[in-house]
Amino acid sequence: MFKFMSKKGITLTLSAVLMMGSLVGCGAKTETKTNGASATPAATTAATASAKPSDTPKTELSGTITASGSSALLPLVKQAATEFMEKNPKVTINVTAGGSGTGIKNVADGTSDIGNSDVEPGAEYKDKGLVDHQVAIAPFAFIVNKDVKVDNVTKQQAADIYMGKITNWKEVGGNDAKIVLVHRPDSSGSRTLVKTIILDGKDFTKDGITQENSGAMKTAVVGQSGSIGYVDTPYIDDTVKALKIDGVAFSEENIKNGTYKLFGVEHMYTKGEAKDPAKAFIEYMSTKEFQGKQVRDLKFLPADLLKK
């Protein structure tokens with residue numbers, strides 16, 4: 001009896017142990033499955049986060065930009081070019097003058113990436129696909145040698161001087177001295193502005209001397225007694241005297257209120273929509289920071305001044 005009972009007891013005990021092992025095994029599998037399932041979403045989230053577009057590195061700008069044209073705009077473009085190249089060391093910007101007409105022609109022909117101009121293109125460029133980027137407003141003024149004893153001229157007097165009708169400073173309240181005219185070439189946007197705004201489209205006299213750019217014009221006026229010229233105000237310093245027109249001096253307020261008429265909108269033209277790095281360069285010049293500081297520091301005015 002005892003022997004029979006021992007075998008049965010052993011059998012029951014073994015069965016119980018095996019059942020407990022199975023239960024433990026099932027529990028372990030369930031736990032492993034649960035742990036695996038909980039890890040999967042975290043891994044997926046991490047993978048998704050690492051693939052966000054915002055985390056993709058930006059392509060570094062590189063290449064060469066050529067900009068030509070307006071000598072009036074030259075100081076601003078050169079300043080912007082220096083700063084932009086410092087921020088983007090793989091970009092080279094070559095800036096030259098030559099006049100607004102030259103800048104427009106160069107960009108239309110594909111010789112330059114950017115054509116700088118004080119004026120809008122003529123009708124012959126209507127179908128060339130030029131895109132206008134306005135980057136500043138430039139006040140212009142008549143400048144005279146410091147020996148000239150005149151501080152103000154009327155618009156009509158200025159027109160008569162440059163059309164050759166008035167040839168002596170005494171005719172406008174100055175000393176008895178010959179007026180020496182300094183001109184810009186036909187390709188100059190500055191010349192076009194004066195012709196349009198002051199001469200009402202009439203022709204300049206052929207008398208006088210011609211200088212290729214604004215800097216050379218100022219130098220000529222400084223060095224020639226009785227001379228008169230015209231430049232945008234960034235070129236004006238204490239070596240020359242700027243004349244009032246109709247009793248009004250150039251200033252931001254006088255341009256805004258319409259009492260000072262001699263100014264130009266400064267354009268940077270591209271053939272078609274601008275592409276990097278030229279696009280990024282023009283955008284840099286158009287930023288609020290550049291417009292508010294460098295533009296004003298160089299005696300230009302913000303491009304949106306008259307739009308407010």
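The model is predicted: local features need pLDDT of at least 70, side-chain atom pairs count only at pLDDT 80 or more, and totals for chains, interfaces and linings use all residues. Residues are numbered from 1 along each chain as its sequence is written, and side-chain values use heavy atoms, with hydrogens and water left out.

**Backbone**

Select Asp276 and Pro277: the peptide bond between them is cis, with omega about 10 degrees. Pro277 sits in the loop between strand 11 (263-271) and helix 8 (278-285); helices (H or I, at least four residues) and strands (E, at least two) are DSSP runs numbered from the N terminus.

Next, select Asp246, a non-glycine residue with a positive phi near 55 degrees. Its loop runs between strand 10 (244-245) and helix 7 (252-256).

Move to Lys299, where phi is also positive, about 75 degrees, in the segment after helix 10 (294-297). Most residues other than glycine have a negative phi.

**Salt bridges**

A salt bridge here is a side-chain nitrogen of Lys or Arg within 4 Å of a carboxyl oxygen of Asp or Glu; the count is nine.

Select Asp237 and Lys218, whose closest N and O atoms are 2.7 Å apart. Asp237 is in the loop between strand 8 (227-232) and strand 9 (241-242), and Lys218 is in helix 6 (residues 214-223), 19 residues apart.

Then select Arg296 and Glu252, a salt bridge at 2.6 Å, N to O. Arg296 belongs to helix 10 and Glu252 to helix 7, so the pair ties together parts 44 residues apart in sequence.

Finish at Asp297 and Lys293, which form a salt bridge at 3.0 Å, N to O.
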